[in-house]
Amino acid sequence: MDQKEQLRFVANQFLMVLFIAFLAVIIFAIGLMVGYGVIGDGDNIWAILSADKWQELIGKFTGK
């Protein structure tokens, strides 16, 4: 393999890692929304993705 092929291989692997990380974040967000909406109080599934909700949750666990 010459250097150009090696660089292309590394770039493809890097893009694959980024794609899988992106999918993991999307699946995690969907899981949070389903869990909050179905198991939780279920009023607004988008509320779990807001910064205010996360500050409230972290405050409950840290006691602040």
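Trainee: Which residues form the nonpolar patch on the surface?

Mentor: Patches are made of residues with over 30% relative accessible area and no salt bridge, with like charges joined within 9 Å and nonpolar side chains (Val, Leu, Ile, Met, Phe, Trp, Tyr) within 5 Å. Here the patch takes in Met 16, Phe 19, Ile 20, Phe 22, Leu 23, Ile 26, Ile 27, Ile 30, Val 34, Val 38 and Ile 39, and together they have about 1100 Å² of accessible area. Areas come from the Shrake-Rupley method with a 1.4 Å probe, and for residues only the protein chains shown count as cover. Keep in mind that this is a predicted model, where local features need pLDDT of at least 70, side-chain atom pairs count only at pLDDT 80 or more, and totals for chains, interfaces and linings use all residues. Residues are numbered from 1 along each chain as its sequence is written, and side-chain values use heavy atoms, with hydrogens and water left out.

Trainee: Take Ile 26: is that one buried or exposed, or in between?

Mentor: Buried means under 20% relative accessible area, exposed over 50%, and partly exposed in between (1.4 Å probe, protein chains only). Ile 26 has 36%, so that residue counts as partly exposed. Ile 26 sits in helix H1; helices (H or I, at least four residues) and strands (E, at least two) are DSSP runs, numbered from the N terminus.

Trainee: And what does Met 33 touch?

Mentor: Contact means heavy atoms within 4.5 Å. Leaving aside residues up to four places away in sequence, Met 33 touches Ile 45, Trp 46, Ile 48 and Leu 49. Met 33 belongs to helix H1, residues 3-39, and is buried at 13% relative accessible area. For a sense of scale, Met 33 and Lys 4 are 29 residues apart in sequence, and their C-alpha atoms are 44 Å apart in space.

Trainee: How many salt bridges does a search of the whole structure find?

Mentor: You need a side-chain nitrogen of Lys or Arg within 4 Å of a carboxyl oxygen of Asp or Glu. The search turns up 2. In one, Glu 56 pairs with Lys 53, with the closest N and O atoms 3.7 Å apart. Both lie in helix H2 (residues 51-62), 3 residues apart, about one turn of the helix. Glu 56 is partly exposed at 38%, while Lys 53 is buried at 16%.

Trainee: Which residue's side chain meets Glu 56 at 3.6 Å, N to O?

Mentor: That's Lys 60, again in a salt bridge. Lys 60 and Glu 56 are 4 residues apart in helix H2, about one turn. Lys 60 is exposed, at 61%. Through shared partners, salt bridges join Lys 53, Glu 56 and Lys 60 into one network.
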